[in-house]
Structures are given as structure tokens and as C-alpha cells.
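Here are my notes on this model. Please read them with the structure open.

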Amino acid sequence: MLEVVRRAADGARVGVVGRTGSGKSTLASWLSRSLSETASTAILDADPGQGRIGPPGTIGLGFESGRGTSLRALWFVGATSPARHLLDMAAGLVRLARRADRSGVRFMVVDPPGFLDFPAGHAFHLRLIEVLELDHLVALDATALEPVLASLRRRRRPAVHELRPSPAVVERSRAARREWRVARFRAALAGARSRTVPPEIPVHGHLPDRDQEWSGRLVGLLDRDGFLLRLGVAEGPTAHGLKVCVPALDLDEVSAVAVGTGRVDPLSPCRTIDSRKRRSSDSSAPGPSGTPYRS
Ligand SMILES: Nc1ncnc2c1ncn2[C@@H]1O[C@H](COP(=O)(O)OP(=O)(O)OP(=O)(O)O)[C@@H](O)[C@H]1O
Ligand SMILES: [Mg+2]
């Protein structure tokens, strides 16, 4: 299969699809590293839940080199599942793929989430294949993917390569997956503090209906091209703009704040400080509660 992909003279886009924990990321990473030995190769990490390039709630583009994967761009999705963010995902896939093309990469390997629930997950996969105009599809575990593969059989592209998942694959528990997400969020929010985004910077996306629902929402501070500059946590609207908990950045570089549906309230470093302060002055104040991430 590697040779088939390599023979593509004018570049090729390869997607690795399969159910959750079937070994997609491991195979995608091997493929992109192998392809990068002969030509410039990008990896499009399209999994906003267990992605390897960016923090949860985002999808990302990395370039492969002998020294590993270097981050090129991140796109804010706004939750760890694509289910309520299909347009956010589609827009991000198109923008990240175009960025890879503009940089002149020859191969792009796509690592999507294992979102295969019927029917939404199947529709999602078909649209992802369409939007990215994949040339090759590596299907890990064809049984789980059958409805998707059936819709592709009479198509010219992508060429489908069916593989059985490796028997060595170790399925991670829900708890382990959650732990991974929490650690990635913590790393992305390290050093964050409360900042007020002035009203001249627009706020868009999945805006909450009521003011109380702002607190804990995942937000993305976007650069002037629409890519993610910093991930943050909304605290709430104030008379001077939207208060967010975010790592250091120059607000002049921010073009907009995108609001997601994911909630990361208990993980917000600003909230931990606030609640500690509150607890020392009011012993009955509640500490952080709820699940670390609901979506
Ligand atoms: N060929 C293999 N040999 C040995 N271990 C493997 C192999 N492929 C995957 N694994 C292991 O199985 C686990 C799951 O693999 P991986 O993360 O690649 O799956 P995934 O389909 O991307 O999962 P997710 O849906 O969570 O993104 C990992 O711990 C990985 O190291
Ligand atoms: Mg994966």
C-alpha cells in the first residue's frame, strides 16, 4: 500500500479510518513518517477528542521530518466530539488541507476520529472523504466500516485498502481516554489567567442562550487567518467585554473569539485560583464540581 501511495506522481491524500481504538493513529503516524522519507508529507489530525497534534477540542496540521512531527496550524472545533460541530470540522479540514497544499507538501495522511455511530458517524466519514478529496482510504476493520465502504464501491476515488486491526492493539478504557484529555487540556491551559476581551473583537460560534451558561465554555482565540492562537475557557460577559481564562497572548493578534459547546470549567486554572480565594474567605463556597469535560 505504501508503494501504491508513493507512486502517485502529483501527490496523494490518504485517510486511515476505523472504529475507536483500532490503531488508526499508530498506522497514520507510521504511514506519514514512511512517506516523508521520500517526499514532503503532512499529517492532518482530524480527531478533536484523542488527537495527538493539538489539545482536545481542536484539529491540527503537522509536518513530518526526520526529527518528528512539527505543528503547522490548529483549528478550533469547540468540543471533543464532532457530532454537534460538523460545519466547524468541515471548515477546519478544508482550511488545514489548503494550508498543507500551499506549503507544497506532496502527501497528506488524515487521521479522523473513530466516530462511526449509525447514521451520523457514517455520514460524517463520507463527507470527510468528500471534502478532503481523498485518493486512498485505509479501512481498519472493514466490518465496522461496511456502510461507508458500500457507498464508495462504485466511486473512482478513493482507492480502498482493507486491513485487519493488529491483534496487538490495546483498547484504552474510557477512564484512560478521559485522563489523556484532561492532561492535554491542562497542558494547553498552563499559565492561563483571566483576561477581558474588548468588545471590538467579535465573539462568534455556539453562543450560549443565557449569561449563566458562559462559564466553563471552551473558547478559541483565533488569529487573523482564522486559525487557533490559544485555547481558553469562558468566564462570562462583563461590561468591558468577554472575560476568558487564557494563557499569555497579544490581544492585537486576535481576530475573533470562537465559542464551543464543550465545557472545561473544573479544569480552568483561573477558576481554581478563584475558588481557593473564595474558600479561604468563605468556607461554605463550593469547589470545582462536575465532570472534567462534558460533550
Ligand atoms: N500495530 C500495533 N502494534 C502494537 N500496538 C499497537 C498497534 N497499533 C496500535 N497499537 C496500540 O493500540 C492502542 C490504540 O492505538 P491507536 O491510538 O493508534 O488507535 P486509534 O484508533 O487511533 O484510537 P482512538 O480512536 O482512541 O484515536 C495504542 O496504545 C497503540 O500503541
Ligand atoms: Mg487516534
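This is a predicted model: local features need pLDDT of at least 70, side-chain atom pairs count only at pLDDT 80 or more; totals for chains, interfaces and linings use all residues.

1. Residues are numbered from 1 along each chain as its sequence is written, while chains are lettered from A and ligands numbered from 1 in the order in which they are written.

2. Helix H3 (residues 86-102) packs on helix H4 (residues 120-132) at about 30°, with the axes 10 Å apart. Axes are lines fitted to C-alpha atoms over the stretch in contact, and angles run from 0 to 180 degrees between N-to-C directions. H3 is therefore roughly parallel to H4 (angles under 35 degrees count as such). Helices are DSSP runs of H or I, at least four residues, numbered from the N terminus.

3. H3 contributes Leu86, Ala90, Leu93, Val94 and Ala97 to this contact, and H4 contributes Phe124, Arg127, Leu128, Val131 and Leu132 (C-beta atoms, placed from the backbone, within 7 Å). By class, the contact has nine nonpolar residues, no polar and one charged.

4. Ser151 lies in helix H5 (residues 142-152). Ser151 counts as partly exposed because it has 14 C-beta neighbours inside 10 Å (20 or more is buried, 12 or fewer exposed, in between partly exposed). Its C-alpha atom is 13 Å from that of Leu137, 14 residues apart along the chain.

How values were computed
Helices (H or I, at least four residues) and strands (E, at least two) are DSSP runs, numbered from the N terminus. Angles under 35 degrees count as roughly parallel, over 145 as roughly antiparallel, 65 to 115 as roughly perpendicular and the rest as oblique. Two residues are in contact if their C-beta atoms, placed from the backbone, lie within 7 Å. Ala, Val, Leu, Ile, Met, Phe, Trp, Tyr, Cys and Pro count as nonpolar, Asp, Glu, Lys and Arg as charged, and the others, Gly among them, as polar.
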